[in-house]
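Work through the exercises below with the sequence and the 3D structure open. Each task is followed by a solution in steps.

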Amino acid sequence: MTPLEPFLRIHGETLLYIVFFGSIIALGLLEVIVEMRAGHADRRRRWPVNWGLTILNIVLLGLLPLSALIFADYARDNGIGLMNFFDIPLWVAVIVAILVFSFQSWAVHYAMHYVPILWRLHRVHHTDRHMDISTTVRFHPFEFLVQAPISALIVLAMGAPPVAVIVYELLDAAINVFSHSNIRLPHWLDRFLSRIIVTPHVHRIHHSTRVAETNSNFGATLPIWDMLMGTYRRKTANELAEQPIGLDEMQDARATSLWWAITLPFRDIHQPAEPPFVDDPERTEPL
Ligand SMILES: [Zn+2]
């Protein structure tokens, strides 16, 4: 056992909060300096919805005993799962777990787009009309209720070591904030990074209003699964800067209502309910 293992197991959850909120603060500051899409981000109206959902999700996460880590502990203590039948070095278990969990995330995300009842939950994430660090956590709480049992089953079936779960969750938290951030990376850096992890450039295409583009780049951490499954897509920086964000059917004030975000899974929004919202910089000051 390496000294890192007990440290990560004891402080893993605290580290997760530090990495998540640390990434939010650091990348939030960077967004101000090198924003990808110029113009106001309408934070005054978007942020109450996005952070409101964040608080709701954190409260739910704390209340429900559904953390994948609990199941990893259970699998280890009871010798359940494939990895507990073999003497696998921890570093191998961590790499295998990262690959399996990232594929599971890709597959669940794919299903969220193609299974109508799941799309009703997931489209809350896609109704944001801009993208920045706050978009990371704009999720309907029920989406978490779908994801968590699947993660728990995978962890139990694999017998994934708790440390492997923590390492993946740390990566997932940091890369998710990064990929949603409104940061313009130098072309060479994006070309290099996007071969290994999901960059803001790659994930922004997934938030396009065009359905064909939304149904691409499903990966949240690693782009490898999109590359292998034929759902990987890239654009030039200029195309990306012009690309509208959100859902065509909800480009109006409903996108900035917390009540709409919470009740959206139960609504039909095929037809616009109001005239399209006209983006007027005079009406919103940057934060
Ligand atoms: Zn999506």
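A residue counts as buried when its relative accessible area is under 20%, as exposed when it is over 50%, and as partly exposed in between (1.4 Å probe, protein chains only). The model is predicted, so local features need pLDDT of at least 70 and side-chain atom pairs count only at pLDDT 80 or more, while totals for chains, interfaces and linings use all residues. Residues are numbered from 1 along each chain as its sequence is written, and side-chain values use heavy atoms, with hydrogens and water left out.

**Exercise 1. The salt bridges of Arg-46 and Asp-128**

Task: Find the residue with which Arg-46 forms a salt bridge, and state how far apart the closest N and O atoms are.

Solution. 
1. Apply the rule: a salt bridge is a side-chain nitrogen of Lys or Arg within 4 Å of a carboxyl oxygen of Asp or Glu. Side chains of opposite charge can pair when their charged atoms come close. The count by this rule is nine salt bridges.
2. The partner of Arg-46 is Asp-128, with 2.7 Å between the closest N and O atoms.
3. Arg-46 lies in helix α2 and Asp-128 in the loop between α5 and α6, so this pair ties together parts that are 82 residues apart in sequence. Helices here are DSSP runs (H or I, at least four residues), numbered from the N terminus.
4. Check the burial of both partners: Arg-46 is buried at a relative accessible area of 1%, and Asp-128 is buried at 1%.
5. Asp-128 also meets Arg-138 in a salt bridge, at 3.9 Å from N to O. Both residues lie in the loop between α5 and α6, 10 residues apart. Arg-138 is buried, with a relative accessible area of 1%.

**Exercise 2. A second pair and a network**

Task: Decide whether each partner in the salt bridge of Glu-213 and Arg-210 is buried or exposed.

Solution. 
1. The side chains of Glu-213 and Arg-210 come to 3.2 Å, N to O.
2. Glu-213 has a relative accessible area of 4% and is buried.
3. Arg-210 is at 51% and counts as exposed.
4. Elsewhere, shared partners join Arg-46, Asp-128, Asp-132 and Arg-138 into one network of salt bridges.

**Exercise 3. The zinc site**

Task: List the protein donors of the zinc ion and describe their spacing along the chain.

Solution. 
1. Donors are N, O and S atoms within 2.8 Å of the metal (3.2 Å for Na, K and Ca); water is not among the atoms, so sites may look incomplete.
2. The donor atoms are NE2 of His-109, His-113, His-122, His-126 and His-206, at 2.1 to 2.2 Å from the zinc ion.
3. Their spacing reads H-x3-H-x8-H-x3-H-x79-H.
4. His-109 belongs to helix α4 and His-126 to helix α5, so the pair ties together parts 17 residues apart in sequence.
5. His-109 is buried at 10% relative accessible area, and His-126 is buried at 1%.
6. Now look at α5 as a whole: eight of its 11 residues are buried. Among them are Leu-118, Trp-119, His-122 and His-126.

**Exercise 4. The largest nonpolar core**

Solution. 
1. A nonpolar core is a set of buried Ala, Val, Leu, Ile, Met, Phe, Trp, Tyr and Cys residues joined through side-chain atoms within 4.5 Å.
2. The largest core has 20 residues, and Phe-101, Val-155, Met-158 and Val-165 have the most contacts inside it.
3. The elements that give two or more residues are α3, α4, α6 and α7.

**Exercise 5. The largest pocket**

Task: State how many residues line the largest pocket, and sort them by class.

Solution. 
1. On a 1 Å grid over the protein atoms alone, a pocket is an open set of points where a 1.4 Å probe fits, with protein on both sides within 12 Å along at least five of seven lines; lining residues have an atom within 4 Å of a point.
2. The lining has 47 residues, and Leu-61, Phe-144, Glu-169, Asp-172 and Asn-176 lie nearest the centre of the pocket.
3. α7 supplies the largest share of this lining, nine residues.
4. Count Ala, Val, Leu, Ile, Met, Phe, Trp, Tyr, Cys and Pro as nonpolar, Asp, Glu, Lys and Arg as charged, and the others, Gly among them, as polar. The lining then has 26 nonpolar, 17 polar and four charged residues.
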